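Biologist: Before I use any of the labels on this model, I would like to hear what each one rests on. Can we go through them in turn?

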Amino acid sequence: MIKEAKIMRVECPACGYRLLDKGNEAAGPVQTKCARCKRVWEVELATGEFKKVSGKPITRRKGDSDSP
């Protein structure tokens, strides 16, 4: 019997562009660069946490909760 893999889409937290697809048992840190906004992210696949490695700062948009 073949086990069906569940694939999850991982998106850039800055622009929403697709960074990669991960399987349900994927774990560990991965560095990837967004093709749209050119920021480099380190993604912890097990927890889904993002850490920006390099790139321009994330702009705050009007209406965001932390915007003045």
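**Labels and their cut-offs**

Modeller: One aromatic pair is counted under the rule for rings, which takes rings of Phe, Tyr and Trp (its six-membered ring) with centres within 6.5 Å.

Biologist: Why is the pair of W41 and F50 called edge-to-face?

Modeller: Planes under 30 degrees apart count as stacked, over 60 as edge-to-face and the rest as tilted. The ring centres of W41 and F50 are 6.0 Å apart and the planes stand at 85°, so the pair is edge-to-face.

Biologist: What kind of model is this, and how are the values taken?

Modeller: The model is predicted: local features need pLDDT of at least 70, side-chain atom pairs count only at pLDDT 80 or more, and totals for chains, interfaces and linings use all residues. Residues are numbered from 1 along each chain as its sequence is written, and side-chain values use heavy atoms, with hydrogens and water left out.

Biologist: What makes W41 buried or exposed?

Modeller: Buried means under 20% relative accessible area, exposed over 50%, and partly exposed in between (1.4 Å probe, protein chains only). W41 has 4% relative accessibility, so W41 counts as buried. F50 has 31%, so F50 counts as partly exposed. Of the 68 residues of the protein chain, 22% count as buried.

Biologist: Which residues make up the largest nonpolar core?

Modeller: That core has 10 residues: V10, C12, A14, L19, L20, C34, C37, W41, V43 and L45. A nonpolar core is a set of buried Ala, Val, Leu, Ile, Met, Phe, Trp, Tyr and Cys residues joined through side-chain atoms within 4.5 Å. β2 (18-23) and β4 (40-44) each supply at least two residues of this core.

Biologist: How many helices and strands does the protein chain have?

Modeller: The protein chain has zero helices and five strands. Helices (H or I, at least four residues) and strands (E, at least two) are DSSP runs, numbered from the N terminus.

Biologist: What is V10 in contact with, leaving aside neighbours within four places in sequence?

Modeller: Contact means heavy atoms within 4.5 Å. On that basis V10 is in contact with Y17, R18, L19, L20, K22, V43 and F50.

Biologist: What makes E11 and R9 a salt bridge?

Modeller: The term asks for a side-chain nitrogen of Lys or Arg within 4 Å of a carboxyl oxygen of Asp or Glu. The side chains of E11 and R9 meet at 3.0 Å, N to O, and the count comes to one salt bridge. E11, at 39%, is partly exposed, and R9, at 48%, counts as partly exposed.
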